[in-house]
Amino acid sequence: MSTEPLPTINPADLPKHVGIIMDGNGRWASARKLPRLEGHRRGAERIFDVVDSCIDQGIKNLTLFAFSVENWKRPEEEVNGLFKLGEWVLRANLSRLLKRKVRLRVIGDLEAMPDFVKIPLKEAIAASAENDALNLIVALNYGARQEVTLAAQKLAQDVASGKLKPEDVNWQSIESRLQTSGLPDPDLIIRTSGESRLSNFLLLQSAYAEIVIVKAHWPDFTKEEFQAALLEFTKRERRFGMTREQIQPTLKS
Ligand code: IPE
Ligand code: IPE
Ligand code: MG
């Protein structure tokens, strides 16, 4: 790892919402001839460095992809091990999160999770509801297509009951029925472990997100790696459909 000091970034240039696809725990473990669950355990430790970094720099929203709806297809032993680990990680770190004024939220189907995960998570969500240093959003049993499907069902019900006219369905009425409603769109999505795909993570909300792919496996994702990803974000030219000249008027001849 480099010994260079961490670059400081002008707060105005930081993303307002970072999403992280925490990938590569299995490969990290395989490379060390360790069980996959050991990779997940080591990966879980990395979460709190990123949380601290966000709070210290004033990034207000962090969404972590912890378990996708597709991850149920993994061997039962791994799925159960992940859930037990998740419960333990929450228990071991809740007081620290509350002390740092973190507000916990979950997106995804929490109701379908086993009680030993669902109950403590709901308690933590309630206990942290007044906190405002950081929205820590855990995407758990989450899939963007499932989220959109639920939003479409709610819209259909509202149209059927006369609450909404079909012609009034617009992006705003869709967005307000997504689970991320009220949060700014992620402006930076980081994926560790080198894979260049979104794997059903925040597909609609990421329409204009900058995507930074990091080679390191998630258990090796340090504060320095996070800072480097933030720095990369500041170098991107975000155009939102416009021309370079519109974004940087000084380029006009
Ligand atoms: C990410 O690491 C954690 C979860 C998906 C729960 P992986 O377990 O996907 O690690 P790789 O991709 O197999 O290395
Ligand atoms: C995405 O990683 C899900 C999480 C990080 C929780 P996966 O490892 O499940 O994604 P794929 O299967 O490689 O696309
Ligand atoms: Mg993976």
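A backbone N or O atom of G24 lies 3.3 Å from an oxygen atom of ligand 1, a polar contact in the sense of a pair of N or O atoms within 3.5 Å. Side chains also take part: an N or O atom of D23 is 2.9 Å from an oxygen atom of ligand 1, and for an N or O atom in the side chain of R74 the corresponding distance is 2.7 Å. Of the 380 Å² of accessible area that ligand 1 has on its own, the protein covers 86% (Shrake-Rupley method, 1.4 Å probe).

This is a predicted model, in which local features need pLDDT of at least 70 and side-chain atom pairs count only at pLDDT 80 or more, while totals for chains, interfaces and linings use all residues. Side-chain values use heavy atoms, without hydrogens and water, residues are numbered from 1 along each chain as its sequence is written, and chains are lettered from A and ligands numbered from 1 in the order in which they are written.

## The shell around the ligand

The residues around ligand 1, including M22, N25, R36, H40 and L82, each have a heavy atom within 4 Å of it. Helices α1 (25-31) and α2 (36-57) are the elements that give two or more residues to this shell (helices are DSSP runs of H or I, at least four residues), and the largest share, 3 residues, comes from α1.

## A parallel strand pair

Strands β3 (residues 102-107) and β4 (residues 134-142) run parallel and are joined by 6 bridges, where pairing requires at least two bridges found by DSSP and a strand is a DSSP run of E, at least two residues. Within this pair, L104 stands opposite L136 in β4.

Conventions:
A polar contact is a pair of N or O atoms within 3.5 Å; within protein, one must be able to donate a hydrogen and the other to accept it, and residues adjacent in sequence count only if both atoms are side-chain atoms.
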